[in-house]
Every structure is written in structure tokens, then in C-alpha cells.
Amino acid sequence: MEKVRFGKTGLMVSRIGFGGIPIQRLSKPEAAAVTREAIDLGVNFIDTANAYGDSEEKIGEAIKGVNRDRLIIASKSTATDKKTFLRHLDLCLKRLGSDYVDLYQTHNVSSPETRDAIFASGGAFEGLTEAVRQGKVRFPAFSSHNIPLAVELMKTGLFASVQLPFNFVDDAAAEEAIPLAKKLDMGFICMKPFGGGLLDNAGLAIRYLLRFENIVPDPGIEKIAEIREIAAIVNENKPLSAEDEKTISGLKSELGKWWCHRCDYCQPCPQGIPISSALTLRSLIKRGDFDFVFRLASAGMEKARSCLECGECVKRCPYKLDIPRLLKKQITLWEETLRARAG
Ligand code: SF4
Ligand code: SF4
């Protein structure tokens, strides 16, 4: 598989990465088989996180016996304080069976509060700097769902790479963040290339992303067939036809009516409803087993029932989503999920 230069890190990264979220659902041998298949197909970039259950551990098992120099591994910590952040990093190294990780990301820096906590005295960024100095981390990095905030962080020059959601529906990063990454010579990891499992035409989704030379799409992989299909699309690298463009544009306008971009501009909700989490429930359901989904979603979905239909959130949503109506649909989906679990 073709490799591309990952910004100023100088790392040569495969044209797509291996996202480590879905392997949480697999047994250890299954996770090892799918990870090894990706590596055999030429994927050398693996992205995981402390927050992805046992993903780091399963990747560690899978790469036993693989020359560590062949792989570029990225992980993340959501901790905003130095002590927990460094504890997560040490655990990551232990689980991976490695004495370094190539990229370590402050995970989901999407609000000004998180940004301020990370950069406070005793915050996670101090830990990240220390870890780079000690050689435990080769390059400091961050991930976010908030594009303006990410752009601000990119401009600080403190990070070697950024990870943001990007696909042909959720394409706001194309305006400023992707060109800026190129200008600043930063790596760009493209999160949610399939919209969290909502874009089911892998060919269209990947071929759209391959137009952007300086990004590394990072699809979550659960099955050997999936990584084989994606690798074949990447290797063929067939440009989009006029017909494909038309299909993309139709899908974009159709899905755009209900697609939540997780920007949280709709907040605050007087009822405390975690709107973006509720609206992206389907993507969460695709990510983990029922216990994982239940743990993360049940409180928020119960709160969603208390929506007053006041419309305050709709006024603030830049995409003018009909949030009260969408919440009702999500409650139905939640009830179906609970029934499926019970039955
Ligand atoms: S319409 Fe519902 S979700 Fe939106 S702000 Fe009002 S109570 Fe919250
Ligand atoms: S509902 Fe609208 S404002 Fe709220 S997170 Fe989703 S896209 Fe953003």
C-alpha cells in the first residue's frame, strides 16, 4: 500500500490507518486476526485510545512478533490532569508491550473548558511534554470534534498532528483545518471516514477522502472482509466519476437534514439533555457491545425524554436540525435497542 509523509514528523504512513474502536467487541484471537490482516495488507498506522476499552491491550497482543519499527502507533488519553494522563500513557505502553508510542493525543479537546484544563499548571499538556522529553512519546498530538477550537490549537505550533471528523457529509474540516494542516506541515488523521458507520458505501467514502493528499483516513475495522475491501479501494485509487459526485451530493443533502456534527453549539439545554450524544446514538450502538452502549448512553437517553420542545437548541444549531423531532426518533431507537437486549 502507498505511504504518505505524515507532516513534519517525517513518518511515512500508509494511505489509510486502522481505527481501534470496533475490536473492543471481538475476542482476543479475532482482534489479533483482523489487526494482523491489516498489517499484512500494508497498513502500518494504528490508532487506539485509553477510552476504547481493551483496544490497546488487544493491539498489543496482535503485534507481538511484528517488528515495532514497521508500525506507527497512536493512542490517546482523555485525562486533563498531568498525573492521570501519565498514568494512562504508562498503561498504554504496558498494554502495547512497547517502550514508546509514536503519537500520543490529548483526546477530544472539544470545549474551551477542556482546553483550559489541559494547559493549566499540572495539566495534561505538561505530562505530554514530559513524556516526549523522556522518549515515551515521539510526537505530541490532539484530537477534537470542534473545528474552530482545533484550528486555534493547531496554530499554537505545540502539536505535530491533529485528528478531526471528516467525510463527505461532515466536511467542514475541508474549509480551514485541512489546508492549515498542510500549511503548518502537520499530520492530519481523519476520524469517522464512514460517519461513525452511517455511510455504508465504502467506495464513495474512501475515494472522496483520497482526494485530500495530506490526510490519513482512520476507519474503525471489525472484520477481515472490511479491511480487504478498503485496502482494495485504496490500492485501485479510482477517481470519482461525475455520476459518483452526483450520488455524493444527493446523499449529502439527504443525510444533512438529520446529521449531527457534534459541535454542541445547541447547548445549553434547560433540561440538561446531552443533545449531540443522543442524536449520534446509532453510531455509538455500532461501536460497542450492549453493556458499553448502556453505560454511556442510558442516563442521557432517559434525560432526552424530558425535552420541553422549547426550540432553544434549534435556534442555535447552525444546521437547523429539528432537534425535538430527532430526539423522539432516537428515543424510539433506544427503546428498540433495550428490547433487543431483553429479548
Ligand atoms: S427543545 Fe428540548 S432539547 Fe432543545 S433546548 Fe429545549 S428542552 Fe432542550
Ligand atoms: S444538534 Fe446541531 S448544534 Fe447540536 S451538536 Fe448537533 S449539529 Fe451541533
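Me: Into how many nonpolar, polar and charged residues does the shell around ligand 2 divide?

Reply: This is a predicted model, in which local features need pLDDT of at least 70 and side-chain atom pairs count only at pLDDT 80 or more, while totals for chains, interfaces and linings use all residues. Residues are numbered from 1 along each chain as its sequence is written, and chains are lettered from A and ligands numbered from 1 in the order in which they are written. Ala, Val, Leu, Ile, Met, Phe, Trp, Tyr, Cys and Pro count as nonpolar, Asp, Glu, Lys and Arg as charged, and the others, Gly among them, as polar. On this basis the shell around ligand 2 divides into ten nonpolar, two polar and two charged.

Me: Which helix gives the largest share of the shell around ligand 2?

Reply: A residue is near a molecule if its C-beta atom, placed from the backbone, lies within 6 Å of it. The shell of ligand 2 has 14 residues, and Cys-260, Cys-263, Cys-266, Ser-276 and Cys-317 are the closest. Helices (H or I, at least four residues) and strands (E, at least two) are DSSP runs, numbered from the N terminus. The largest share, three residues, is supplied by residues 275-279, which form helix α11.

Me: Which helices each supply at least two residues of the shell around ligand 1?

Reply: Ligand 1 is surrounded by 14 residues, with Cys-269, Cys-307, Cys-310, Glu-312 and Cys-313 the closest. This shell divides into ten nonpolar, two polar and two charged residues. At least two residues each come from α14 (312-316) and α15 (323-342).

Me: Why is strand β5 largely enclosed by the rest of the structure?

Reply: A residue is buried if 20 or more other C-beta atoms lie within 10 Å of its own, exposed if 12 or fewer, and partly exposed in between, with C-beta atoms placed from the backbone. Ile-72, Ala-74 and Lys-76 are buried on one side of β5, and Ile-73, Ser-75 and Ser-77 are buried on the other. Strand β5 (residues 72-77) is largely enclosed because the number of its six residues that are buried is six.

Me: Which helix lies between β5 and β6 in their right-handed β-α-β unit?

Reply: A crossover is right-handed if, with the strands pointing away from the viewer, the path from the first strand over the helix to the second runs clockwise. Strand β5 runs parallel to strand β6 (residues 101-106), joined by four bridges, and Ser-75 has Tyr-104 in β6 as its bridge partner. In the right-handed unit of β5 and β6, the helix is formed by residues 82-96 and is α3.

Me: With which residues is Tyr-208 in contact, leaving aside its neighbours within four places in sequence?

Reply: Tyr-208 belongs to helix α8 (residues 202-209), and it counts as buried because it has 22 C-beta neighbours inside 10 Å. Two residues are in contact if their C-beta atoms, placed from the backbone, lie within 7 Å. Leaving aside neighbours within four places in sequence, the contacts of Tyr-208 are Phe-168, Leu-240 and Ile-248.

Me: How far apart are the C-alpha centres of domain 1 and domain 2?

Reply: Domain bounds come from an automatic or database domain assignment, and the protein chain is divided into domain 1 (3-241) and domain 2 (275-342). Their contact takes eight residues from domain 1 and eight residues from domain 2. Between the two C-alpha centres the distance is 26 Å.

Conventions
Two strands pair if DSSP finds at least two bridges between them.
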